[in-house]
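Hi everyone, thanks for coming. Let's have a look at how two chains meet, and then at one residue.

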Amino acid sequence: MSNITNQSLSEILESIKSKKISSLELTQAYIKNIENAKKLNAFVTTTFDHALESAKKFDNKPNNEQLLSGVPLAVKDLFCTENVKTTAGSNILNNFVPSYESTVTKNLWNNGAFLLGKLNCDEFAMGSSNETSFFGNVINPIGDHLVPGGSSGGSSSALAADLTPATIGTDTGGSIRQPASFTGTVGLKPTYGLCSRWGIVAFASSLDQAGPMTKTVNDCSIMLEAMSGFDEKDSTSINKKKESYSKNLKDNIKGLKIGIPKEYRVDNMPKEIDELWEKGKKILKDLGAQLIDISLPHTKYALPTYYIVAPAEASSNLARYDGVRYGYRSQKGKDLIEMYENTRSEGFGDEVKRRILIGTYVLSSGYYDAYYLKAQKVRQLIKKDFDDSFTKVDAILTPSTPSSAFKIGEKTNDPVSMYLNDIFTVPVNLAGLPALSLPAGLDKQGYPLGLQLIGKALDEQKILNIGYAFEKNCGYKNKIKKWWS
Amino acid sequence: MSLDKEKIKHVAKLARISVDEAKVDSLTKDLNSIFKFIEQLNELNTDKVEPLTSILNQSLRSRKDEISDGKIREKILKNSPKKNEEFFVVPKVVE
């Protein structure tokens, strides 16, 4: 089977079940793809021996009753994996080998999948282009000069280039949805608390959430079902019954009310984004959904709020990197304090240092009320905007990003212009809501563009259903030439 | 407001990050442009708004105060850059 790797996860699972292909053949096919795709720089670590061994074990005694039976998966290098190096894209963790497994990855393995490798990402998930990684930038398979988005850029690149049948990322301000949009793939940020944060390298704990990145909406529902669930080890994990997202996937969306927020535009937004949004509205309307104009008046304040809340939490979370218990330690410094200062200065990259300094400043004595408390109040207003809207609508449709994939190096000298990339994705994190980014069209350069569906808390099934219906009627196909191999 | 170089050095001290003198200028410029962006929030009157402290409609769970793990000293010490058999080793702190 020469082209098994360009199929969807659900098709691959079917092929394994019907014994059209063995788990070993499948794994070998991905390994071959990965070895031919070094130029993309999507992997930090590969675990081929483990994958081959697990595949053989599966083939000897196949259990096809599981959600992810016999499938190799690469995951973002932000998930701790037992006895496999976990770097978070940082020099400060470049020798860190966890002695435990994150709950989310453990859930994947318990559902029959096994690890293929660890995917590059922005350092500590801080970035929108995968250019802040200590292990170098990742390249978008769409074009050799393009960023794959970030922070889950290794994940989006590997998925679009057929280096893994599906993957998982984390999303603190858009880090799943923006890279999905830039690579023509599907990405879901679940409701805060649906997937356990235990064992994920922490960035901003009140915003971080793991989620699936896949080729189709059906695949997305399978992955979400496998990875989600209550976890005692995460104090903010929601204790509720597990849902069968894939079994309950339906494409009938007749009568659903879709909100269209007038604030989701920016100055100089390319006309193509507007046209894409119009196209999305028409598809949903033709399927029998009702479009309703809504207002989310505090949208423009979401990004400034995020750049207080996220760095504040990050400065606190990243205080643990002290060169004592794990990770990199500087050899310079005459006493303990200097050792800390040099370790952190040499171990962290520029963007991470910037955010730690912002966070330290906004939490420092005399400034807390003016910044952090203010941001927590505005966060309340942003959440209230969504609460009010969801009394009138079932879901909200917006563009995923204000532009298509940009060029490598284009925004690295201007942090604020980089941050503006997340303008449509950040509000959802602040409100803790689920949101799905769907490939919806191409711009005039042929680069993918995405649309975002935002749902009520814990209403993943509904946005997956809308996405499923949308996908069937949109006719989007990724046209990637394998220029890298 | 604007951040000057001295303030940035002070914050860096608080954050235990040594700042390369050659980079202070560009850091000052970047941080000031970020704070200019952040300070859009001052347009909003939030006097009567309660700060959001949790997005979950549930309070944090408490668990029984019982030992559920332990005797894993080796595992904990495994990743330390400098250790002896029982302890993490740091530069001398007491004379």
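Okay, a definition to begin with: a salt bridge is a side-chain nitrogen of Lys or Arg within 4 Å of a carboxyl oxygen of Asp or Glu. Here, Lys300(A) and Glu43(B) make one, with the closest N and O atoms 3.3 Å apart. Between chain A and chain B the count is four salt bridges.

Quick housekeeping. This is a predicted model, so local features need pLDDT of at least 70 and side-chain atom pairs count only at pLDDT 80 or more, while totals for chains, interfaces and linings use all residues. Residues are numbered from 1 along each chain as its sequence is written, chains are lettered from A and ligands numbered from 1 in the order in which they are written, and side-chain values use heavy atoms, leaving out hydrogens and water.

Back to the interface. Chain A puts 70 residues into the contact and chain B puts in 50 residues, where contact means heavy atoms within 4.5 Å. Together they bury about 5300 Å², 66% of it on carbon and sulfur atoms; buried area is the accessible area (1.4 Å probe) that two parts lose on being put together, summed over both.

Now, is Ser69(A) buried or exposed? Ser69(A) is buried, because its relative accessible area is 3%, and buried means under 20%, exposed over 50%, partly exposed in between (1.4 Å probe, protein chains only). Among the residues Ser69(A) touches, not counting those up to four places away in sequence, are Leu13(A), Phe58(A) and Gly112(A).
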